[in-house]
Amino acid sequence: MKQRLPGQAARARHGWWKASQWLVLRRLAQVFFLGLFLTGPLIGVWITKGTLASSLTLSILPLTDPLFALQSLLAHHSLEGKVLLGAGLVLAAYALIGGRMFCSWVCPVNLVTDGAAWLRSRLNLPEGVTFSRSSRLWILGAVLAVSALTGTVAWEFVNPVTILHRGLVFGALYGAGLVWILVAALFLFDLAVSSRGWCGHLCPVGAFYGLIGRKSLLRVSAIGRQACDDCLDCYKACPEPQVISPALKGAARGLGPLILSGDCTNCGRCIDVCPERVFEFSPRWMERKSKDVSSQTTRDGTTKAAA
Amino acid sequence: MVEPSSPLETSRRDFLAATARTACAAGFFGTALGLWIGQARALPASTLRPPGALAEDDFLGTCARCGLCVQDCPYKTLKLAEPGSGPTLGTPYFEARKIPCEMCSDIPCVAACPTGALDKSLKDISKSKMGVAVLVGHETCLNFLGLRCDICYRDCPLMGTAITLERSHNLRTGKHAMFIPTVHTEACTGCGKCEKSCPLEEAAIKVLPPKLALGVLGSHYRLGWEEKEKKGSALIEGTIDLPDRGYSPGEPVPPSPERNSQGGFKEFRP
C-alpha cells in the first residue's frame, strides 16, 4: 500500500501554494538570514558582519546569541555593554515572537535536519532511538554547569549551529573539511539513528530558545479543531508533535485551541499540511477571547466537542 | 505547564526512574564535555592571539567566536579556528610564519570586538603583546654563522628598539665580528614580521607566547647592584675590603683585545 505523506491531501484539496506557503516562506527566510551574512564574504556587499554568535548589521545593529552571553557570565567573565545590548535585543525579540522561531526560521542546522526528516518520511524509516524531550533541558543544564566550572563558553566547543554558520560565512564549508563530516554526521544521526533526534530532543540551543519563548505572543492556534478528521498529517509533519495534542484534542479538558508549549517552533507546517485548514497563526490573546466566546455561546469545537 | 494527554498514567516510580536515567546521561555528557574542553582549550605555540587579547583563560570565557575581528582585519592575518585547525574551535588566531600582524595604528580588530575579549584599553598598537620573538636557532641563524643577513632586524616595525644587532667577537674565525639579532622583550609586540621574513627553511627567530618565551625571576630576588644604587651606598656597612690577589684595578684586563685606529680589532694570527 502506498503510504500517505503529510501534505498530499492538502495539496489535492487546496492546491500547491496553500499546502506549501509556510514552508516556502520559511525556506526563503532561512536563505534571507544566511544571505545577510554571506553577501559580504561572497560579493563584497556588507550587510551583516560576524556570525550568529554575535553580529553587527549595517554598522549599527548589534545582535548577540543570549545563550553565549549567559554562559560567559556564568563563567565569571564580564562582557562589554554592546554585547549585552545585543543579547537583550535578541532575547526580547524571541520572547515576543516565540523563541524557537530561531530554530525553524533562522538556524542553518534546520536545513540539515529537515532534509533528514524529509528523506526519512519518504523512506518510511522506523522511529529509531527515542530520547526524552526533556533531554535537551538536561543537556542545557549540563552545559551551563560546565561553563561555570571550567570558566569557558562550554557549548561553543561543540556547537554545530555556530560551526556550520562559521563554515558558511568563513568558507570552511566550500572546501573538503571536517565541517562537512559534522554536517553529514548530523544528517545521518537524524536519518538513521533517531527521528528528529538533534533539533527535537538534544540541542541545548533549541532548549534555551524554547524557554525564552514560553510566554510569546505569536502562536499557532487549532482554531478550526472541530473540523479535524484525525488524518494525523499535522502530527507527521510537526517536528515537535507533542505540542499539538493539548491544542487540537484538549477541548474536553478545557485546553487550547492555542498551542502554548514553548517547544513549538512556529514553523507553520501544520497549517500547510492540514486538509481541513484547522490551524492558523494567532496572537496569544486570542486564547482568552475564544474561551470567553465559547463559554457564552456556540463557538466552534469547544462546545461541540464538549457536547 | 500543559502536558499531553496520555492513555497511561505514569507512575511515580517510573517517573523518578526516567528522571534519574536522564540525569545520569546528562551528567555523563557534562563530564565528557568538561574533559573535551580540557583537551581543546590548548593553544599551540605556533599560533598567536590578536592584539589586545585577554589572558588565554579569560579570552576563552569572553570571546563569542563571532569573527568580527577576522572580517575587519585588512591583511587577512586573522583566521577563525575551524574543526581540526589547532587552537580552540571558533576562536581567532594568526600564524606569524604565514601572515604576520601588520600592526595597524587604528587596531580595527580590537575596535570590532563586541565582547571585550580584545581589550579596548589597548590604544597604541606598539604596546600590544601578542607574543615575544625569540631567536631560537643559535646554530642556524645566518648572523650567528657570521653572515650579515639582518633581515629580521630590518623587517622589525620597531627596528632598533625591539630588535637590535649586538656586536660580538667571532670566535670561530677569531678575526671577524658577529652581529647578533637581539630581542628586547619589553618592546617586542609579537607581530611576527621577523619570523615571517627569516629566510631559512624553518625560521630561526620565532614568536612564542610570552609564558613560553620569558624567564621570570623569583619574586624574592634582589639585584645587588640595583639595590646598592637605590640606597646610594654599600648595602652592608663596615665590611673590610681586602685586596684581591693578582689583580689591581688600575691595570688593563689581560684578555681584552687591542683596537686599531679604525676602532676594529687587531689582526689575529694563531
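1. A word on terms to begin: helices (H or I, at least four residues) and strands (E, at least two) are DSSP runs, numbered from the N terminus. This is a predicted model, in which local features need pLDDT of at least 70, side-chain atom pairs count only at pLDDT 80 or more, and totals for chains, interfaces and linings use all residues. Residues are numbered from 1 along each chain as its sequence is written, while chains are lettered from A and ligands numbered from 1 in the order in which they are written.

2. You will find G246(B) in the segment after α8 (224-231) of chain B. G246(B) counts as exposed because it has 5 C-beta neighbours inside 10 Å (exposed is 12 or fewer other C-beta atoms within 10 Å, buried 20 or more, partly exposed in between, with C-beta atoms placed from the backbone). Its C-alpha atom is separated by 30 Å from that of R172(B), 74 residues apart along the chain.

3. Strands β4 (residues 163-170) and β5 (residues 176-183) of chain B pair in the antiparallel sense over eight bridges; pairing takes at least two DSSP bridges. H169(B) has A177(B) as its bridge partner in β5(B). Five residues lie between the strands, and G174(B) takes a positive phi near 80 degrees in this hairpin.

4. On confidence, chain A averages a pLDDT of 85, and 93% of its residues score at least 70 (pLDDT is the predictor's confidence in each residue, from 0 to 100). Over residues 289-307 of chain A, pLDDT stays under 50.

Terms used:
Contact = placed C-beta atoms within 7 Å.
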